[in-house]
Amino acid sequence: MLLEVRGLDVRYGRNHAVKSLDLHVAEGEIVTVLGANGAGKTSLLRALQGAVRPASGSIRLAGHELAQATPAERVRRGMALVPEGRQIFVSMSVHENLLMGAYLRKDGDWTRDVDEVYDRFPNLAERRDMKASVLSGGEQQMLAIGRALVSRPRLIMLDEPSLGLSPLFVTNLFDLIGELNRSGISILLVEQNTGMALDVARRGYVLELGQVVLSDEAQALAGNSALTQAYLGGGHAAAS
Amino acid sequence: MLLIQQLLNGVMLGSVYVTVAVAFTLTIGVLNFLNFTIPTLFMLSGMGAWALAKWGLPFGLTGPFPWPLALGGAVVMTIAASLVVERFTFRYMKAKYGDATEHAIPLVSSLGFLLIIENLIRIGYGTDPQRMDAISWDTTINLDGLLLRAPQLISLAVALAIVAGLTWVLKHSRIGRGLRAIAENPDAANILGVDSKRLVPVIFMLTGLLCGLAGILFAINYGEVSPGMGEEIGSKAIAGMVIGGLGSIWGAVLGGLIIGIAEMLTVHFFGADTVQVVVWGLLLAALFVRPQGLLGHHSIGKGKL
């Protein structure tokens, strides 16, 4: 098992954002986490990457317990988070953003990984020395993913990557997720775009109020429209 | 000719402001925190150089230090003091109350350090200004009637070299990128594995280095140190930083020089009594016309280095 989460609790003061959650991602899998706004999806990913310390529970990556580890330790072990809203460094150049992905790399090979990102995203190569702030939304998402790739992760966690992208770009993005997966990277995908997410994933979890209320094969979840509608559709209506 | 001499003196005075203003800029830019211990660190360095040269280490541990050792020792002492401030102000508060950068807590606790260190020095050495003995290499260069003192020229060169080196490190080194990442988006930096617990002390070390250099430069140039010497320099350096543009290191350089020159020109034309009015009037006017400063960005508050 690549990622194994048991009994994870995340609290912000009185707000119990994630409640004794169990989840796993096998090597080579794409797993999606669905849920309405406020269901705890972002809190889950932030706890997995170490941006917030979980109140209790276990997070194991390839057998190593990381629940209380620093984010740096998790990056070294092969976890990378592409955060909600991309969070690229707009005051830095495109190239410097990619170098930030290699911040902890001690081996000399990281320049090759940077080159690979440029091969994969020619738009980024063309804008190598420009400020990241001039990139379009789609290009910024490519940069955020490229930055994660440069850390050479075993597991990439993506938080709402399709948010704010044009429909064409969303299609490209999901193609890319499939491609990365075929190149050997396991993926944990948080999405509001339920249809696309279940299409690319093998399994899925549905979160409500910080708890897993459903987990099944992606196809089964996609077929179970009444159930998913109850949890996801209702949340959408309440949020909008 | 006298006017040109005053301009030169202004540049020299400005180079002290520049060094202190860059220290302020660095802490504000990366940590979003106005470090009030900076004037104290500056004073500590000046008084330290004087005390080491005159007495040596306290409690009779050593005899008086020779000049180079006294100056170097003062800088080392200032860096150490700055790290102590980091340990017991910034880091402690942050661990206890979460993201202290969001609050005024470090500002207030650094103010506490300022007052305590300053008053300890007053208790130890008295409030009176202390004369520094002349330094053996203090030669005056007479250039067609313009007087340039060697220590002043060295001060200016050292200040500019330090600032240029610092800019290079921030721009091109891994640590520099880490610091800029924390400055722009601490959360994203954290997710990528940038360990702010390790990098924040670097900022305080650099602050100590800059203040230490500024303190000994001041001591060499003006030949006099006192426990209160940091107060005025500190406020002038803040003025320089703001005029130059918050968050811009070269802005702090420009602003510090402008304040230094403005001060000496004011003395020349209107007399010493009007200095404060002119300098602070200049600051207010600059803020009114160009609130982001000469070289500052519009986005004051985030991503400033």
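This is a predicted model: local features need pLDDT of at least 70, side-chain atom pairs count only at pLDDT 80 or more; totals for chains, interfaces and linings use all residues.

Reply: Happy to! One term to begin with: helices (H or I, at least four residues) and strands (E, at least two) are DSSP runs, numbered from the N terminus.

Me: What is phi of A:Leu209 near?

Reply: Phi of A:Leu209 is near 50°, which is a positive value in a residue other than glycine.

Me: And is A:Leu209 buried or exposed, or something in between?

Reply: A:Leu209 counts as partly exposed, because it has 15 C-beta neighbours inside 10 Å. Buried would take 20 or more.

Me: Does A:Gln87 count as buried or exposed?

Reply: A:Gln87 counts as buried, because 20 C-beta neighbours lie inside 10 Å.

Me: Okay, zooming out. How many helices and strands does chain A have?

Reply: Chain A has ten helices and ten strands. Six strands form an open sheet with mixed pairing, in the order 6-7-8-3-9-10.

Me: Which strands of chain A stand at the edges, and why is one side of each left without a neighbour?

Reply: Those are strand 6 and strand 10 of chain A; each has a single partner strand, so one side of each has no neighbour in the sheet. On average, neighbouring strands of this sheet are turned by 15° against each other, direction ignored.

Me: How many bridges join strand 3 of chain A to strand 8 of chain A?

Reply: Four bridges join strand 3 (residues 30–35) of chain A to strand 8 (residues 186–190) of chain A, and these two run parallel. If you want a spot to look at, A:Val33 stands opposite A:Val190 in strand 8 of chain A.

Me: Which strands does helix 7 of chain A lie across?

Reply: Helix 7 (residues 167–182) of chain A lies across strand 3, strand 7 (155–159) and strand 8 of chain A. Relative to strand 8 of chain A, helix 7 of chain A runs at about 150°.

Me: What about the overall dimensions of chain A?

Reply: The C-alpha trace of chain A spans about 45 × 40 × 35 Å along its principal axes.

Me: Switching to chain B. How many helices and strands are there in chain B?

Reply: Chain B has eleven helices and four strands. For chain B, the radius of gyration is 19 Å, close to the 19 Å that the globule rule gives for 305 residues, so chain B is as compact as a globular protein of that length. Its C-alpha atoms fill a box of roughly 60 × 55 × 35 Å along the principal axes, and buried residues make up 50% of the chain.

Me: How do strand 2 and strand 3 of chain B pair?

Reply: Strand 2 (residues 140–143) and strand 3 (residues 146–149) of chain B pair in the antiparallel sense, over four bridges. In strand 3 of chain B, B:Leu148 is the bridge partner of B:Ile141. The hairpin of these two strands has two residues between the strands, and there B:Asp144 takes a positive phi near 55°.

Me: Where in chain B is confidence lowest?

Reply: That would be strand 2 of chain B, at a mean of 78, while helix 2 (residues 38–54) of chain B is highest, at 93. Chain B has a mean pLDDT of 85, with 91% of its residues at 70 or more. As for the model, it scores ipTM 0.91 and pTM 0.86.

Me: Last topic: how many residues of chain B are in contact with chain A?

Reply: 16 residues of chain B are in contact with 19 residues of chain A. On the chain B side, helix 6 (174–184) and helix 7 (186–191) each supply at least two residues. Helix 6 of chain B gives the largest share, six residues. The residues on that side of chain B divide into five nonpolar, five polar and six charged.

Key:
Residues are numbered from 1 along each chain as its sequence is written. Chains are lettered from A and ligands numbered from 1 in the order in which they are written. Two residues are in contact if their C-beta atoms, placed from the backbone, lie within 7 Å. Ala, Val, Leu, Ile, Met, Phe, Trp, Tyr, Cys and Pro count as nonpolar, Asp, Glu, Lys and Arg as charged, and the others, Gly among them, as polar. A residue is buried if 20 or more other C-beta atoms lie within 10 Å of its own, exposed if 12 or fewer, and partly exposed in between; C-beta atoms are placed from the backbone. Two strands pair if DSSP finds at least two bridges between them. Axes are lines fitted to C-alpha atoms, for helices over the stretch in contact, and angles run from 0 to 180 degrees between N-to-C directions. The radius of gyration is taken over C-alpha atoms; the globule rule is 2.2 Å times the number of residues to the power 0.38. pLDDT is the predictor's confidence in each residue, from 0 to 100.
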